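Please work through the exercises below with the sequence and the structure at hand. Each task is followed by a worked solution.

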Amino acid sequence: GLLAVEHINNRSAALIPEAHALIPGQFKLVFDMQDSLTLPTVGVTHAVAWHQQRRHAFVGSYRSAVTGPLALAASIESTPVIAWGATASSLADAAWYPTLSRTVVSDAVLAEGTVRAFRALGWRQFAILHQDDTWGRGFANDATKTALSLDLEVVVTSIFTISSDTSIARAVSEIKESKARVILFLSADTRDIATTAAQADALGLLTTGHAWIAVEESMSSDVVALS
């Protein structure tokens with residue numbers, strides 16, 4: 001983001017060859033970056049402050065659970081929001097988020113592709129293990145819908161609270177009890193991924209015959225044991 005701002009303000013041709021012709025001479029882009037701490041309340045607080053400062057557009061957040069409330073707050077003043085990482089399919093609802101645009105594909109597309117891959121591999125049954133937030137619930141719902149349309153079975157959907165070791169242990173135990181061999185794992189928190197891997201290993205769910213499928217948000221170095 002900062003590099004793009006620098007290129008625009010310097011009329012650099014590195015990204016836009018016609019920058020000098022396209023960007024007015026007196027134009028200057030002001031960029032203010034704040035950390036939402038992945039918390040919706042913090043994101044909305046920043047949105048309110050930016051409204052008071054009369055910012056013309058917002059960028060972010062990476063997390064869908066933050067982008068949704070941020071986009072709602074922005075819509076009050078019809079402020080455009082561009083999300084570069086928020087993928088929850090619920091954010092495509094123009095009635096709720098009329099000023100939101102995204103540079104990434106919706107989870108509805110990724111979930112469908114993932115489940116279709118399961119069918120191509122001959123996996124007729126699978127479990128879903130996901131964190132309890134907008135992204136996790138949305139992806140799980142999209143995957144379940146696709147499974148039903150393809151006559152595949154979701155044997156269990158286990159949900160855990162973010163940053164709760166107790167909740168993760170309970171959810172992984174549910175996966176164990178379901179006897180599922182294919183697990184669609186949805187977590188974006190590095191610590192939770194590591195905790196899940198440790199719990200799964202302790203219950204024998206990382207042995208030969210089990211397949212853990214994680215989407216990009218869950219691909220951390222701490223989860224290499226799940227590969």
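The model is predicted: local features need pLDDT of at least 70, side-chain atom pairs count only at pLDDT 80 or more, and totals for chains, interfaces and linings use all residues. Residues are numbered from 1 along each chain as its sequence is written, and side-chain values use heavy atoms, with hydrogens and water left out.

**Exercise 1.** Determine where Ser 78 lies and whether Ser 78 is buried or exposed.

Solution. Ser 78 belongs to the loop between α4 (64-75) and β2 (81-83); helices (H or I, at least four residues) and strands (E, at least two) are DSSP runs, numbered from the N terminus. Its phi is near 60°, a positive value in a residue other than glycine. With a relative accessible area of 54%, Ser 78 is exposed (buried is under 20%, exposed over 50%, partly exposed in between, with a 1.4 Å probe and protein chains only).

**Exercise 2.** State how α3 and α4 pack.

Solution. Helix α3 (residues 40-52) packs against α4 at an angle of about 30°, their axes being 8 Å apart (axes are lines fitted to C-alpha atoms, for helices over the stretch in contact, and angles run from 0 to 180 degrees between N-to-C directions). Therefore α3 is roughly parallel to α4 (angles under 35 degrees are roughly parallel, over 145 roughly antiparallel, 65 to 115 roughly perpendicular, the rest oblique).

**Exercise 3.** Locate Ile 82 and give its accessibility.

Solution. Ile 82 sits in strand β2. At 38% relative accessibility, Ile 82 is partly exposed.
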